[in-house]
Amino acid sequence: MATAELKVPSVGESITEVQIGDWLVGEGASANKDDALVVIETDKVTVELPAPVAGKVTKVLKKKGDTATVGEVIGYMEVGAGSQTGSAPKQEKPAETRATAPAKTTTGATATAQAAPTKTAATSAKGEPYVMPAAQRAMATSGVEAHDVQATGPGNRMLKEDVQRAASAPKSAPSSNGAGSNGSAGARSEEVVAMTPMRKRIAERLVEAQNTAALLTTFNEIDMGAVMELRTQFKDEFQKKHEAKLGFMSFFVKASIEALKLIPQVNAEIRDGAMIFKNYYDIGVAVGGGKGLVVPILRNAERMSFAQVENAIAEYGVRAQANKLTLDELQGGTFTISNGGIYGSLLSTPILNPPQSGILGLHAIQERPVARNGQVVIRPMMYVALTYDHRIVDGREAVTFLKRIKECLESPSRMLLEI
């Protein structure tokens with residue numbers, strides 16, 4: 001039979017090397033044409049290599065964790081061998097996790113600690129879920145069994161978030177088995193996990209920002225009452241008309257653009273010893289992805305409506321979790337907004353995304369006592385932080401920038417009237 005080569009596809013002009021992720025179809029397993037065979041990871045995006053033909057994977061040349069160059073052959077398929085049109089590809093089960101450190105029994109004998117094989121969930125219409133490596137590690141540390149986890153990832157994948165959700169669910173008290181405090185405390189184990197290209201790139205960028213820019217952070221607080229009242233008043237009509245939820249991010253994107261217009265230095269960058277001022281506003285919105293924090297870009301955000309901003313952010317969030325963002329969507333950007341408040345952060349100092357000169361950090365909304373007209377009242381307050389490059393932005397400009405955002409959020413009609 002004819003043999004087809006599995007080659008690393010081009011995933012971007014600047015990317016020449018990739019890392020092999022999970023093989024979704026292993027040696028000897030069959031797949032239909034265009035079925036996902038293997039996950040390919042880069043420092044910016046994660047893609048799946050589709051089967052070029054219907055057939056059987058006969059040889060895997062590159063295993064998970066190996067590096068490969070664009071165009072390199074990483075495996076072979078035998079055309080038509082064992083394939084069944086319309087059937088889903090057979091997914092390879094993850095290897096069992098084994099502890100490397102020995103555990104001592106109560107009698108003094110030494111035994112090798114070994115984790116039980118990962119159990120798969122009950123078969124659904126899509127077949128057994130594929131347990132992602134992060135989910136497998138989460139199960140090992142939390143003690144959650146696979147059959148207790150509802151997989152919600154694309155292609156019936158079990159994600160780390162699924163395991164965490166199952167671990168936080170209420171559990172019935174375990175029955176006593178008579179074991180006392182003299183029982184074995186369990187094995188002390190370590191697991192070596194290679195950094196993904198994206199995690200390596202995130203680390204490089206953060207260190208680059210610390211080493212090249214003069215970072216400084218200034219803070220302010222915002223009374224979110226006006227925005228919350230506006231959302232309560234119009235959220236149903238907004239969702240009915242635009243098919244999008246009215247969140248806080250659209251308000252902050254619009255307020256940031258107003259502040260960037262007032263203080264253009266925050267929207268500028270230093271390039272070859274010169275200051276480059278930009279008359280467009282490409283706002284990056286940090287979202288948590290399956291492989292780490294990513295920052296997709298809202299191009300020409302000044303031209304977008306509230307609904308367009310909300311729809312774009314919602315779509316980015318879904319595709320980030322599925323590692324489906326494209327390289328173009330992650331490149332560029334003139335200013336970044338990072339919302340640590342969704343994770344409960346009360347105060348933090350965000351780090352710049354080079355070569356940008358500013359990043360806005362949002363935090364949790366808390367009801368706090370504040371003074372209003374000589375009276376102490378309880379208001380929904382949020383701390384905001386602006387980290388900026390002091391080489392191009394002075395302290396006065398940074399403080400004015402945050403003050404403008406505060407004015408826009410505490411009186412949203414300012415954004416409509418541009419005052």
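Mentor: A residue counts as buried under 20% relative accessible area, as exposed over 50%, and as partly exposed in between (1.4 Å probe, protein chains only). Asn 300, with a relative accessible area of 26%, is therefore partly exposed. The model is predicted, so local features need pLDDT of at least 70 and side-chain atom pairs pLDDT 80 or more, whereas totals for chains, interfaces and linings use all residues. Residues are numbered from 1 along each chain as its sequence is written, and side-chain values use heavy atoms, without hydrogens or water.

Trainee: What share of the 419 residues in the protein chain is buried?

Mentor: Buried residues account for 41% of them. Accessible areas come from the Shrake-Rupley method with a 1.4 Å probe, and for residues only the protein chains shown count as cover. The protein chain exposes about 22800 Å², of which carbon and sulfur atoms supply 51%.

Trainee: How many helices and strands does the protein chain have?

Mentor: Both are DSSP runs numbered from the N terminus: helices (H or I) of at least four residues, strands (E) of at least two. The protein chain has nine helices and 22 strands.

Trainee: Is the peptide bond from Pro 354 to Pro 355 cis or trans?

Mentor: That bond is cis, with omega near 5°. Pro 354 is in the loop between S20 and strand S21 (358–372), and Pro 355 lies in the loop between S20 and S21 as well. Pro 354 is buried, at 10% relative accessibility.

Trainee: Which residues does Pro 354 touch, leaving out those up to four places away in sequence?

Mentor: Contact means heavy atoms within 4.5 Å. Pro 354 touches Arg 205, Glu 208 and Ala 209. Its C-alpha atom is 9.7 Å from that of Gln 210, which is 144 residues away along the chain.

Trainee: How many aromatic pairs are found in the whole structure?

Mentor: Rings of Phe, Tyr and Trp (its six-membered ring) pair if their centres lie within 6.5 Å; planes under 30 degrees apart are stacked, over 60 edge-to-face, and the rest tilted. The search finds two pairs. Phe 251 and Phe 306 are edge-to-face, 5.1 Å centre to centre with 70° between the planes. Phe 251 is in helix H5 (residues 249–262) and Phe 306 in helix H6 (residues 306–321), so this pair ties together parts 55 residues apart in sequence. Phe 251 is buried at 3% relative accessibility, while Phe 306 is partly exposed at 26%. The rings of Phe 335 and Phe 401 have centres 5.5 Å apart and planes at 55°, so that pair is tilted. Phe 335 lies in strand S20 (residues 335–339) and Phe 401 in helix H8 (residues 395–410), so the parts tied together are 66 residues apart in sequence. Both Phe 335 and Phe 401 are buried.
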